[in-house]
Amino acid sequence: MNVLALSGGVGGAKLALGLSRCLAPDELTIVANTADDFTHLGLRICPDLDTVMYTLAEISNPEVGWGQQDETWQCLGALSDLGAESWFRLGDRDLATHLVRTERLGDGQTLSHLTEYLCEQLNIQHQLVPMADQSVSTQVDTEMGRFSFQHYFVRERCEPKVTGFEFEGIEQARPSPGFQAALVDRAEGDDGPIVICPSNPFVSVEPMLALPGVRTTMVDSHRPVIAVSPIVGGEALKGPAAKMMAELGIEQSAMSVANYYGNLIDGFVIDTVDAELQPMIEQSGIPTIVTNTVMVTLADRIQLAEDVLSFAATLRS
Ligand code: FO1
């Protein structure tokens, strides 16, 4: 079985870890969004890629989900003393990742090669790849003007009212070699599902789908595409997805997520608190299962991964 998982940051990373506990290294490819990436203090920072990488290596900060556990903040404090920008919290251990990445990118290595190297150093067995090797940069249009993603998300605390998004550089970018290889249909019967992890549909998943050729390949594929709702009880478990929905005039519900993905998906997974939405979503033509999608413990992550894989086995694209 070849399973392809598309992940944003914290929520997606949790399911990616669950999948990695159910599947052998050669059965799973995890693609991380890189449209949140930015250059800060001269360092290339890939927040979603690092969140997934640290989660798979089981060294992520359990409180916030991003950055490393047992982190110290000496450098951040010193930056602040020097009057440098300190709104983006870079921990001392995390900084090492950005230093190695920035140096090697400067030497001409691709983000794919670098990610493979970092994963190897962190003893990650499963394949984690960036969505693209070229730079794509999410711009958030708001009533207070345009912000690059991390400026909107962290510096402005998602407060400005969102009016739209642009993924700068998307037309020139291409799916990374690892993403492309995992996307292509293999022999019939050999292909597992494509899993859209519970990540923000607008800014975490959409950039991966918007890469040239990805959406059409997924729609045309005979593999089942299954999305897990990041909206539970009308709220996002983490991040601004529900707030963005309200600001974009979309009802804040798991149903809206199913509608957003539309004919791209062959199956949808919602939380038990949203069980009453199941008949409505199924009426719109999308087979839907109800299960616990709130992944607090490792057992929850593994259970959801098992539920998604068993559901996939019942579906044909
Ligand atoms: N998120 C925050 O809310 N505040 C931060 O200061 C912050 C720093 C940070 C540093 C490295 C990293 O890899 C991620 C970091 N994040 C921070 C998370 C990140 O901004 C978001 O989780 C994603 O971009 C959204 O998926």
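Two exercises with worked solutions follow.

The model is predicted: local features need pLDDT of at least 70, side-chain atom pairs count only at pLDDT 80 or more, and totals for chains, interfaces and linings use all residues. Residues are numbered from 1 along each chain as its sequence is written, and side-chain values use heavy atoms, without hydrogens and water.

**Exercise 1.** Find how helix H1 and helix H13 pack, and which residues make the contact.

Step 1. Helix H1 covers residues 10–22 and helix H13 residues 298–313. Helices here are DSSP runs (H or I, at least four residues), numbered from the N terminus.

Step 2. The angle between H1 and H13 is about 75 degrees, and their axes are 7 Å apart. Axes are lines fitted to C-alpha atoms over the stretch in contact, and angles run from 0 to 180 degrees between N-to-C directions.

Step 3. H1 and H13 are therefore roughly perpendicular (65 to 115 degrees).

Step 4. Contact means heavy atoms within 4.5 Å. On H1 the residues include Lys14, Leu15 and Arg21, and on H13 they include Arg301, Ile302 and Glu306.

**Exercise 2.** Describe the surroundings of the ligand.

Step 1. The ligand is surrounded by 13 residues (a heavy atom within 4 Å). The closest are Asp36, Asp48, Phe88, Arg89 and Gln150.

Step 2. Helix H6 (149–155) and helix H2 (47–56) each give two or more residues to this shell; H6 has the largest share, 4 residues.

Step 3. List polar contacts (pairs of N or O atoms within 3.5 Å). An oxygen atom of the ligand lies 2.9 Å from a side-chain N or O atom of Asp36. For a polar backbone atom of Arg89, the distance to a ligand oxygen is 2.8 Å.

How values were computed:
Angles under 35 degrees count as roughly parallel, over 145 as roughly antiparallel, 65 to 115 as roughly perpendicular and the rest as oblique. A polar contact is a pair of N or O atoms within 3.5 Å; within protein, one must be able to donate a hydrogen and the other to accept it, and residues adjacent in sequence count only if both atoms are side-chain atoms.
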